[in-house]
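Visitor: I would like to learn how to read a structure feature by feature. Could you walk me through one?

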Amino acid sequence: MPAKPTKAEQAAAHGTTIPDVLAANLNVLFCGINPGLYSGALGLHFARPGNRFWPALHASGFTPRQLDPGEQDELLALGLGITNVVARTTARADELTDAELREGGEILTKKVKKYRPRWLAVVGITAYRVAFGDRRAAVGPQDRTIGTSKVWLLPNPSGLNAHWTPKTLAVEFGRLRAQAVIGDSPEQLNPQ
């Protein structure tokens with residue numbers, strides 16, 4: 001993991017973007033709400049210590065070991081990727097307007113249609129509800145598809161989301177993995 005960014009580096013990251021970890025025909029494209037300042041300063045997804053994305057990914061069997069955010073590009077070899085509903089970095093997700101989330105949903109829809117992952121897994125219930133105009137959406141598989149891509153809604157893995165423990169996050173990520181697996185090993189998740 002790169003060195004912890006300073007407060008000044010984090011402040012300077014406000015409004016910046018992080019490149020997607022993305023390729024065509026992935027098995028699962030994970031989609032965060034938007035990058036936080038810590039992640040923006042490092043240029044890495046889910047980088048803040050205490051974010052439980054990487055532990056949940058491993059505990060659910062998506063990765064053979066717990067990856068560090070600095071190893072995010074290794075996901076592609078496993079048929080996995082990362083993007084965000086809204087690209088811009090903020091201190092808190094509640095800084096995003098509903099209009100930004102809806103526009104992000106439109107951009108995400110175009111991206112998913114272009115890259116065609118088998119599954120789009122959005123991590124963040126409230127953001128998903130606003131971005132896709134689905135006030136009743138709940139964790140789990142959705143009736144919606146985007147092109148040929150199925151959609152699964154996961155809880156936000158932020159350490160601020162106390163409703164979900166590391167264990168229950170891993171169970172929910174595991175439910176998605178059970179639907180997404182091709183073969184028995186994480187290395188076989190990539191259908192290419």
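**Reading the model, step by step**

Guide: Gladly. Asn25 is found in the loop between helix H1 (7-12) and strand E1 (28-32), and the model we are reading is predicted.

Visitor: What is the phi of Asn25 near?

Guide: Phi of Asn25 is near 60°, a positive value in a residue other than glycine.

Visitor: Let's turn to helices. How many residues does helix H6 have, and how far does it reach?

Guide: A simple check is to set the reach of a helix beside the expected value. Helix H6 (residues 166-180) has 15 residues and reaches 21 Å from its first C-alpha to its last, close to the 21 Å expected at 1.5 Å a residue.

Visitor: Which residues of H6 are buried, and what do they pack against?

Guide: The buried residues are Leu169, Ala170, Glu172, Phe173, Gly174, Leu176, Arg177 and Ala180. They pack against E1, H3, strand E3 (119-123), strand E4 (140-146) and strand E5 (149-154).

Visitor: Can we look at that packing from the partner's side? Where does Leu57 lie, and what does it touch?

Guide: Leu57 lies in helix H3. With a relative accessible area of 1%, Leu57 is buried. Leaving out residues up to four places away in sequence, Leu57 touches Phe30, Phe62, Thr63, Leu75 and Phe173. Phe173 is one of the buried residues of H6. As a distance reading, the C-alpha atoms of Leu57 and Ile82 are separated by 12 Å, and these residues are 25 residues apart along the chain.

Visitor: And Ser60: is it buried or exposed?

Guide: Ser60 counts as buried because its relative accessibility is 10%, under the 20% cut-off. Ser60 is found in the loop between H3 and E2. Not counting residues up to four places away in sequence, Ser60 touches Ala170, Phe173, Gly174 and Arg177.

Visitor: Now salt bridges. How many does the structure hold?

Guide: The general idea comes first. Side chains of opposite charge can pair when their charged atoms come close. This structure holds 6 salt bridges. One of them joins Glu100 and Arg88, whose closest N and O atoms are 2.5 Å apart. That pair links distant parts of the chain: Glu100 is in helix H4 (residues 98-115), while Arg88 is in the loop between strand E2 (80-84) and H4, 12 residues apart. Arg88 is partly exposed, with a relative accessible area of 24%.

Visitor: Which residue does Asp94 meet in a salt bridge?

Guide: Asp94 meets Arg92, at 2.9 Å from N to O. At 57% relative accessibility Asp94 counts as exposed, whereas Arg92, at 48%, is partly exposed.

Visitor: Which partner does Glu172 have in its salt bridge?

Guide: Glu172 pairs with Arg175, with the closest N and O atoms 2.7 Å apart. Because they are 3 residues apart in helix H6, Glu172 and Arg175 are separated by about one helical turn. Glu172 counts as buried at 7% relative accessibility, while Arg175 counts as partly exposed at 38%. Elsewhere, salt bridges that share partners join Arg65, Glu71 and Glu74 into one network.

Visitor: Last topic: pockets. How much space lies in the second largest pocket, and which residues line it?

Guide: About 180 Å³ of space lies there. The lining consists of Ile18, Asp20, Thr83, Asn84, Val85, Val86, Ala87, Glu100, Glu103, Gly104, Ile107 and Lys111. E2 and H4 are the elements that give two or more residues to this lining, and the largest share, 5 residues, comes from H4. Sorted by class, the lining has 5 nonpolar, 3 polar and 4 charged residues. Glu100, from the salt bridge with Arg88, is among the lining residues.

Terms used: Residues are numbered from 1 along each chain as its sequence is written. This is a predicted model: local features need pLDDT of at least 70, side-chain atom pairs count only at pLDDT 80 or more; totals for chains, interfaces and linings use all residues. Side-chain values use heavy atoms; hydrogens and water are left out. Helices (H or I, at least four residues) and strands (E, at least two) are DSSP runs, numbered from the N terminus. The expected span of a helix is 1.5 Å times one less than its number of residues. Buried means under 20% relative accessible area, exposed over 50%, partly exposed in between (1.4 Å probe, protein chains only). Contact means heavy atoms within 4.5 Å. A salt bridge is a side-chain nitrogen of Lys or Arg within 4 Å of a carboxyl oxygen of Asp or Glu. On a 1 Å grid over the protein atoms alone, a cavity is a set of points where a 1.4 Å probe fits but cannot get out, and a pocket is an open set with protein on both sides within 12 Å along at least five of seven lines; lining residues have an atom within 4 Å of a point. Grid points are joined across faces, edges and corners, and a volume is the space filled by probe spheres set on the points. Ala, Val, Leu, Ile, Met, Phe, Trp, Tyr, Cys and Pro count as nonpolar, Asp, Glu, Lys and Arg as charged, and the others, Gly among them, as polar.
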